[in-house]
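Hello,

Here is the structure I promised to pass on to you. My notes follow below it.

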Amino acid sequence: MEVLLSPAGRETHEAPRATGFSRVGERLWLDFVNTDEARRGQRVDLLRDFDALVAFLVDTAVLDDERASGMRRRAHQQPAGATATLVDARRTRAALRQLAERGAQSERARLDALAEINRVLGRSAVTRRVDLQEDGRFVRTFVPVGDAFAALLIPVIESAADALIDGELARVRRCGDPRCTRVFLDDTRNGRRRWCEMSTCGNRAKAARWRERQDAPEG
Ligand SMILES: [Zn+2]
């Protein structure tokens, strides 16, 4: 399957880039888990359609614009395949959430995630390349061999596999705000990161502590 497109193909299939993906996870697989969010206590699925999945992969530099256009064009031609890919991506995400939230404690969660990782790795192949971008940066890219839809999640799954291989699960945490479902890798030196973001959940907690102090009876 040819994924690279001529510039003419790009214009007709360029979708507006979805916003709202958080990048607080510090790892690709955790940012992927965080596409299933809670906002004001309501579950919000940021992967609302196939285009959103492609937008996430562009946002995280897994796909460049050209390959993303190729995927969108292919989805337009094969809508059933695109829908199946999205359903499958959500299934993978659910397994990775279990790994993020319980993997450090639960061997069952690790083994289930391992099965999911090998399921995804087993159904498609990619070749890896290192590309030089126009801005002078080097990036690793994955070029599908065979089924391009099936290969889309391989970079995400490789990132989760690295967490198992490198023994990082003990530092994966869920945000300290119980209403927030975001997960992240705590790579602070003292291992005391509590919030997905200081600017949202961290500040809310700080404000709540401040109010408690104001409400406390004068001693
Ligand atoms: Zn949070």
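(For burial, C-beta atoms are placed from the backbone, and a residue is buried if 20 or more others lie within 10 Å of its own, exposed if 12 or fewer, and partly exposed in between.) Although Ala 61 is not a glycine, its phi is positive, about 65 degrees. Ala 61 sits in the loop between α3 and α4; helices are DSSP runs of H or I of at least four residues and strands are runs of E of at least two, numbered from the N terminus.

Two housekeeping points. This is a predicted model, in which local features need pLDDT of at least 70 and side-chain atom pairs count only at pLDDT 80 or more, while totals for chains, interfaces and linings use all residues. Residues are numbered from 1 along each chain as its sequence is written.

Now the helices on either side of that loop. The axes of α3 (residues 50–59) and α4 (residues 65–77) come within 10 Å and cross at roughly 170 degrees, where axes are lines fitted to C-alpha atoms over the stretch in contact and angles run from 0 to 180 degrees between N-to-C directions. That crossing makes α3 roughly antiparallel to α4 (the word applies over 145 degrees). On the α3 side the contact is made by Phe 50, Asp 51, Val 54 and Val 58, and on the α4 side by Asp 65, Ala 68, Met 71, Arg 72 and Ala 75; contact requires C-beta atoms, placed from the backbone, within 7 Å. Among the buried residues of α4 are Ala 68, Met 71, Arg 72 and Ala 75.

Strands β1 (residues 36–39) and β2 (residues 42–45) pair in the antiparallel sense over four bridges, pairing being at least two DSSP bridges. Glu 37 has Val 44 in β2 as its bridge partner. Two residues separate the strands, and Arg 40 in this hairpin takes a positive phi near 50 degrees.

Glu 26 also has a positive phi, near 70 degrees. Glu 26 is in the loop between α1 (7–13) and α2 (28–33), and is partly exposed, with 16 other C-beta atoms within 10 Å.

Further along, Asn 118 lies in α6 (residues 107–122) and counts as exposed, with 12 C-beta neighbours inside 10 Å. Asn 118 is 39 residues from Ile 157 in sequence, with 8.8 Å between their C-alpha atoms.

Best wishes

Key: Parallel < 35°, antiparallel > 145°, perpendicular 65-115°, else oblique. Contact = placed C-beta atoms within 7 Å.
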